[in-house]
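Please look over the structure below. The report that follows goes through selected side chains, the ligand site, the nonpolar cores and some backbone angles.

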Amino acid sequence: MRLLAIETSCDETSVAVVRWDNGRLFVEKNFVASQIKEHALYGGVVREVAARRHVDALYPLIRATEIAPDGSDITAVAVTPGPGLIPALRIGVEAAKTLAWAWKQPLIPVHHMEGHLYSVFLPDPSVPSEPELLADSWFPAVCLSVSGGHTELLVIHGHGMYERAGNTRDDAAGEAFDKVGQLLGLPYPGGPKISLLATRGNPNAIPFPRPMIKSENDDFSFSGLKTAVAVYLRSHPIRSEQNRADIAASFQEAAVDVLVTKTIRLAQKIHPASVLLCGGVSANTRLREVLLTRLRESIPKSIPRFAPLIYTGDNAAMIGAAGVFRFLRGETADPLTLVADPN
Ligand code: KG4
Ligand code: ZN
């Protein structure tokens with residue numbers, strides 16, 4: 001089975017061809033056209049600009065996959081209808097509907113966060129021999145899914161069987177990184193820049209709060225942490241590059257501490273076969289490092305599996321991966337009625 005997958009939920013246009021063969025997943029093509037440089041001029045994503053750029057990029061990327069023009073070498077078309085920015089989502093959804101209709105092929109809608117979850121099961125090109133991905137032995141799994149729009153703790157009982165244990169009550173983790181980046185005078189998106197700057201800073205320089213770290217539930221809150229950085233900067237304006245790096249490292253340490261502590265606590269309750277990490281923020285080196293260390297100390301029997309670095313950000317390969325399992329379950333949509341859904 002070969003799937004054409006399309007992702008246009010935010011500021012990356014992505015098209016992939018994913019093959020499912022003998023119980024294994026192969027990423028044949030995964031093209032990502034990023035618009036970040038353009039949105040950085042405005043300090044954040046401008047949805048109408050995003051939609052226009054998706055129109056410009058989508059068809060050249062589909063053509064670049066070299067699939068047959070009549071779709072004869074494709075089994076189905078997968079697309080994310082949401083969550084995301086509605087004008088952006090619509091471009092991918094309308095293209096996928098048209099192709100599926102014209103090619104008389106099944107159309108598979110994939111929730112964007114389900115796509116992020118399946119990114120952990122994509123083969124990592126930087127690892128020579130991978131364990132058997134997608135086997136049932138990975139389940140039950142606890143998954144920390146952290147992106148620009150979502151921060152969720154999930155319990156995954158099997159393919160397509162998800163339970164949301166925790167969620168953010170306000171800002172997503174990535175949103176907090178981006179807003180603190182702005183406060184520190186860093187260009188959009190702040191996440192990767194904070195992560196880099198923090199490598200030169202002292203994570204214990206400023207004791208920023210760890211919101212909800214002790215609460216009994218599995219929810220998160222990041223707006224208070226962002227406000228704590230803003231309040232600190234009001235009375236302690238940045239004095240030097242070292243000082244900027246110390247603030248970045250201290251903020252990152254607080255955010256990572258909360259994310260990891262709550263993931264470990266849930267995993268200690270569930271005793272999952274594996275602990276998964278995905279989403280844009282999962283590219284954060286410190287998060288990966290601390291989660292790995294604390295998992296090995298506290299629940300060594302659970303296997304850690306983190307999204308390969310090239311698939312942490314938005315990409316269509318992850319939509320294709322989740323799409324394969326939806327297709328196998330017969331979860332297809334009518335090309336005439338599927339609509340983009342921002343939530
Ligand atoms: O998953 P993603 O690409 O898009 C959404 O679905 O939101 O996540 C983007 C988010 C942005 O907030 C970005 O700043 C953050 O992921 N991010 C990072 C890092 N790389 C990307 N945050 C912290 N450290 C990083 N290295
Ligand atoms: Zn995403």
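The side chains of H159 and Y118 are joined by a polar contact of 2.7 Å. A polar contact is a pair of N or O atoms within 3.5 Å; within protein, one must be able to donate a hydrogen and the other to accept it, and residues adjacent in sequence count only if both atoms are side-chain atoms. H159 sits in the loop between β7 and β8 (161-167). Helices (H or I, at least four residues) and strands (E, at least two) are DSSP runs, numbered from the N terminus. Because its relative accessible area is 16%, H159 counts as buried; buried means under 20%, exposed over 50%, and partly exposed in between (1.4 Å probe, protein chains only). Leaving aside neighbours within four places in sequence, H159 is in contact (heavy atoms within 4.5 Å) with Y118, L134, D136, F139, F325 and R329.

The model is predicted: local features need pLDDT of at least 70, side-chain atom pairs count only at pLDDT 80 or more, and totals for chains, interfaces and linings use all residues. Residues are numbered from 1 along each chain as its sequence is written, chains are lettered from A and ligands numbered from 1 in the order in which they are written, and side-chain values use heavy atoms, with hydrogens and water left out.

**Ligand 1**

Which residues come nearest to ligand 1? Of the 18 residues around it, they are H116, G148, D178, G280 and N284; a residue counts as near if one of its heavy atoms lies within 4 Å.

| Residue | Atom in the protein | Distance |
|---|---|---|
| G148 | polar backbone atom | 2.8 Å |
| V281 | polar backbone atom | 3.5 Å |
| D314 | polar side-chain atom | 3.2 Å |

Taken alone, ligand 1 exposes 550 Å², and the protein buries 86% of that. These areas come from the Shrake-Rupley method with a 1.4 Å probe; for residues, only the protein chains shown count as cover.

**Cores and helix α8**

A nonpolar core is a set of buried Ala, Val, Leu, Ile, Met, Phe, Trp, Tyr and Cys residues joined through side-chain atoms within 4.5 Å. The largest has 44 residues, of which V146, F208, F222, I247, F251, L259 and L287 touch the most other members. Elements giving two or more residues to this core include β6 (141-146), α5 (173-183) and α8 (241-270). The largest share, 13 residues, comes from α8. Beyond its neighbours within four places in sequence, F208 is in contact with L225, A228, V229, Y232, I247, S250, F251 and A254. A second, separate core of 36 residues includes W20, F139, M318 and F325.

Helix α8 is mostly covered, with 23 of its 30 residues buried. Just after α8, H271 has a positive phi of about 50 degrees.

**Backbone angles in loops**

A cis peptide bond with omega about -5 degrees joins G82 and P83, and P83 is in the loop between β4 (76-79) and α3 (86-103). Another cis peptide bond, between Y188 and P189, has omega of about -5 degrees; P189 is in the loop between α5 and α6.

N22 is not a glycine, yet its phi is positive, about 55 degrees. This residue is in the loop between β2 (12-21) and β3 (24-34). With a relative accessible area of 80%, N22 is exposed.
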